[in-house]
Amino acid sequence: MDKSGNGHVWALDQAVDLLISSRYVIAMTGAGVSVESGIPPFRGPGGLWTKHGEPPMDVYQRFLADPKGYWEERLKAPSEIVQALAQAQPNAGHAAMVELEQIGILRHLITQNIDNLHRAAGHRRLAEMHGNAQLLRCIACSQRFAKEAITIAPHDLPPRCPACHGIVKADTVHFGEPIPPEVLEVCFRETRQADCMLVAGTSALVYPAASFPQMVKQRGGALIEVNLYETPLTTLADCSLRGPFGEILPTLVEQVRTKLTA
Ligand SMILES: [Zn+2]
């Protein structure tokens with residue numbers, strides 16, 4: 001941002017031009033876009049793990065060793081995050097991203113969030129790297145199910161897959177659990193096609209998410225960053241828009257529309 005204070009306006013114009021002129025735009029989002037929907041982050045000040053401590057690194061192994069115990073724990077009183085997830089609504093930024101998809105600019109979205117907010121806003125083409133807290137998944141055949149589709153009987157745990165009788169768990173990817181390979185494959189396939197990536201609400205420090213913006217850059221593509229803060233990606237980005245996701249995205253998309261119809 002330049003010292004005259006016009007840097008932000010200039011970066012916005014640049015972002016609009018990049019979105020319009022690029023051949024294949026994808027996006028990646030992280031926890032920062034959900035904070036404005038009332039979902040507390042895991043890390044940092046006020047984060048759930050800062051307050052309650054990080055979960056053990058072997059949650060998945062514990063689940064595999066004792067799926068019944070895992071489910072008994074899940075069916076107890078809901079945790080702070082479960083309550084926040086149940087109440088959260090998509091914000092204006094989620095809606096703007098849906099619009100960007102509908103006008104044919106945004107081809108795909110990779111999200112690190114488990115909160116279902118992009119889907120709830122109406123987003124169609126997305127890969128949820130860390131799963132979706134509103135869904136359940138069979139560990140044998142990888143099918144995903146709405147919670148209502150699975151019988152959860154407290155006297156007969158763990159619940160079983162209606163398709164293959166495999167053990168069912170939350171779709172959320174736990175500590176110690178690999179990202180489902182078919183999801184990762186979609187992320188890599190989309191990233192290879194992209195010549196522009198919009199990265200919002202994430203510093204993309206954790207692999208494999210960190211590799212996607214780097215891949216786009218290495219292949220000569222452009223990066224647009226939307227974040228409240230400067231991040232390690234900022235120096236790599238072609239333009240950085242500093243501010244709340246719920247304000248920046250609607251402004252950005254409005255300007256894209258205006259320019260497209262001009
Ligand atoms: Zn199954």
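**Figure 1. Strand β1 is covered on both of its faces.** Val25, Ala27 and Thr29 sit on one side, Ile26 and Met28 sit on the other, and all of them are buried (buried means under 20% relative accessible area, exposed over 50% and partly exposed in between, with a 1.4 Å probe and protein chains only). That makes β1, residues 25-29, a mostly covered strand, with five of its five residues buried. Strands here are DSSP runs (E, at least two residues), as are helices (H or I, at least four residues), and both are numbered from the N terminus. Keep in mind that this is a predicted model: local features need pLDDT of at least 70 and side-chain atom pairs count only at pLDDT 80 or more, while totals for chains, interfaces and linings use all residues. Residues are numbered from 1 along each chain as its sequence is written, and side-chain values use heavy atoms, with hydrogens and water left out.

**Figure 2. Six strands make an open sheet.** Read across, the order is β3-β2-β1-β7-β8-β9, and the pairing is parallel (two strands pair if DSSP finds at least two bridges between them). At the edges are β3 (126-128) and β9, each pairing on one side only. From one strand to the next, the twist averages 15°. Now for β1's partners: five bridges join β1 to β2 (residues 106-111), and five bridges also link β1 with β7 (residues 196-200). Alanine 27 is opposite leucine 109 in β2, while valine 25 is opposite cysteine 196 in β7. Leucine 109 also has a bridge partner in β3, namely leucine 126. Helix α7 lies across β1, β2 and β7, running at about 140° to β2 (axes are lines fitted to C-alpha atoms, for helices over the stretch in contact, and angles run from 0 to 180 degrees between N-to-C directions).

**Figure 3. Four cysteines hold a zinc ion.** The SG atoms of Cys138, Cys141, Cys161 and Cys164 coordinate the zinc ion at 2.2 to 2.4 Å (donors are N, O and S atoms within 2.8 Å of the metal, or 3.2 Å for Na, K and Ca; water is not among the atoms, so sites may look incomplete). Angles among the four donor atoms span 98 to 117°, and the site is tetrahedral (for four donors, that means all angles lie between 85 and 135 degrees). Along the chain, the donors follow the spacing C-x2-C-x19-C-x2-C. Cysteine 138 is buried because its relative accessibility is 0%, whereas cysteine 141, at 33%, is partly exposed.

**Figure 4. The largest nonpolar core has 30 residues.** Leu198, Ile224 and Leu241 have the most contacts inside this core (a nonpolar core is a set of buried Ala, Val, Leu, Ile, Met, Phe, Trp, Tyr and Cys residues joined through side-chain atoms within 4.5 Å). Among the elements that each supply at least two residues are α1 (7-21), β8 (222-227) and α11 (245-261). A second, separate core of 20 residues includes Tyr24 and Leu233.

**Figure 5. Leucine 223 lies in strand β8.** Leucine 223 counts as buried because its relative accessibility is 1%. Aspartate 238 is 15 residues from leucine 223 in sequence, yet their C-alpha atoms are 5.3 Å apart. Leaving aside neighbours within four places in sequence, the contacts of leucine 223 include Met197, Pro213 and Asp238 (contact means heavy atoms within 4.5 Å).

Conventions
Tetrahedral: all angles 85-135°; square planar, octahedral: opposite > 155°, others 65-115°.
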